[in-house]
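Please read this briefing alongside the sequence and the 3D view. It goes through selected features by topic.

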Amino acid sequence: MTVDPDLPERYDRALASLRGLSVGDALGSQFSVPANYAALKSGGLPTAPWRWTDDTEMATSVVAGLVVHGRIDQDALAMSFAEHHDVSRGYGANVDRMLRAIRHEGRDWRELAAGFFNGQGSWGNGAAMRIAPLGAWYAGDPEQATHQAEISAYTTHQHREAVVGTMAVAAAAALVADPQGPKAPAELLTAVMELVPRSAVQAGLRRASDMLDYADVGTVAAVLGCGRRTSAHDTVPFALWAVARHLDDYERAFWSTARAGGDVDTTCAIVGGVLAARPSGAPPAEWERRTEPLPGWLPRSPAGEGRAGAARRDAGVR
């Protein structure tokens, strides 16, 4: 079997993105607890450790599949979701039932995912929340990132908006991870819009681009949504607005996203995963230390670590 010579670097980027996603997910989820509302307003950090949710668990399956197969294998991905499904991680009711049926009854994901909402499929944000590491894997090739993201989405979410939202997040991560990618906020959102089909998500991204000069996150969230309805088109445009507004500044991006409210663990997971696709967007080291470690079943790169991974190891970053 031919080994992809770029595999170590792909793995490094995807792992860094996954770490950023898990920090955003875990810290964001702390602010669903009333006792932590004051810390959200003040910028204080809740007591550690911070436990991640289904966002991180499913994103880990995405990365694991890329390591093993080099691409999205739908059957393997759906089975990984089912095998590692931990009900305590806060899964939505439909996906929870679906993964139980795959794991315990041997049901086919195609039938189950296609049957949601009277055959329309789910338009939820669950496929978009887990996909940033795939975009990081395909840095510099956003077309392939959107293609693989589309394939991945269908395993659980088959509504057009959910699929396009997943494509948009993957495209953003692939562009952010590319050293030659867009540098200005508007350029990033324009590039993402050009990579996804016409949809409510794309229309939301256009509104997000028009609001890049708005500093009041509450106003932006009122227009774009912030995941309160847990739909892709109510989540992805706002999350990518936050990414574009705060490129290379994970901490500011997190607080801006979290203070909007809504589906905070998911919006912060998306923002964190996209920003951390390149080193300048990594989360603060103290935040990483406070976050629950990634799942132990995540495979290591079969071709060894790349230059970025070696640099992180030499610097003492795990």
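Is E286 buried, exposed or partly exposed? E286 is partly exposed, with a relative accessible area of 32%; buried means under 20% relative accessible area, exposed over 50%, and partly exposed in between, using a 1.4 Å probe and protein chains only. This is a predicted model, in which local features need pLDDT of at least 70, side-chain atom pairs count only at pLDDT 80 or more, and totals for chains, interfaces and linings use all residues. Residues are numbered from 1 along each chain as its sequence is written, and side-chain values use heavy atoms, with hydrogens and water left out.

**Salt bridges**

- The count of salt bridges comes to 12, where a salt bridge is a side-chain nitrogen of Lys or Arg within 4 Å of a carboxyl oxygen of Asp or Glu.
- E286 forms one of them with R290, and the closest N and O atoms are 2.8 Å apart.
- Both E286 and R290 lie in helix α17, 4 residues apart, which is about one turn of the helix; helices here are DSSP runs of H or I with at least four residues, strands are runs of E with at least two, and both are numbered from the N terminus.
- R290 is partly exposed, with a relative accessible area of 24%.
- Salt bridges that share partners join R51, D86, R89 and E292 into one network.
- Within a salt bridge between R89 and E292, the closest N and O atoms are 2.9 Å apart.
- R89 lies in the loop between α4 (74-83) and α5 (93-105) and E292 in the loop between α17 and α18, so the pair ties together parts that are 203 residues apart in sequence.
- R89 is buried, at a relative accessible area of 9%.
- D108 and R110 also meet through their side chains in a salt bridge, at 3.2 Å from N to O.
- D108 is partly exposed, with a relative accessible area of 34%, and R110 is partly exposed as well, with 39%.

**Packing of two helices**

- Two packed helices are described by the angle between their axes and by the distance between the axes.
- Helix α10 (residues 160-177) packs with helix α12 (residues 200-210) at an angle of about 45°, and their axes are 8 Å apart.
- Axes are lines fitted to C-alpha atoms, for helices over the stretch in contact, and angles run from 0 to 180 degrees between N-to-C directions.
- α10 and α12 are therefore oblique to each other, since angles under 35 degrees count as roughly parallel, over 145 as roughly antiparallel, 65 to 115 as roughly perpendicular and the rest as oblique.
- From α10, E161, V164, G165 and A168 meet A200, V201 and L205 of α12, contact meaning heavy atoms within 4.5 Å.

- S122 sits in the loop between α7 (116-119) and α8 (132-137).
- With 10% relative accessibility, S122 counts as buried.
- Leaving aside residues up to four places away in sequence, S122 touches F116, F117, H157, Q158, H159 and A162.
- The side chain of S122 reaches the backbone nitrogen of G124 at 3.1 Å.

**Backbone features**

- F117, in helix α7, is not a glycine but has a positive phi of about 55°.
- N118, also placed in helix α7, has a positive phi near 55° and is likewise a residue other than glycine.
- At 48% relative accessibility F117 counts as partly exposed, while N118 counts as exposed at 78%.
- A48 and P49 are joined by a cis peptide bond, with omega about 0°.
- P49 lies in the loop between α2 (37-42) and α3 (54-69).

Definitions and conventions: A polar contact is a pair of N or O atoms within 3.5 Å; within protein, one must be able to donate a hydrogen and the other to accept it, and residues adjacent in sequence count only if both atoms are side-chain atoms.
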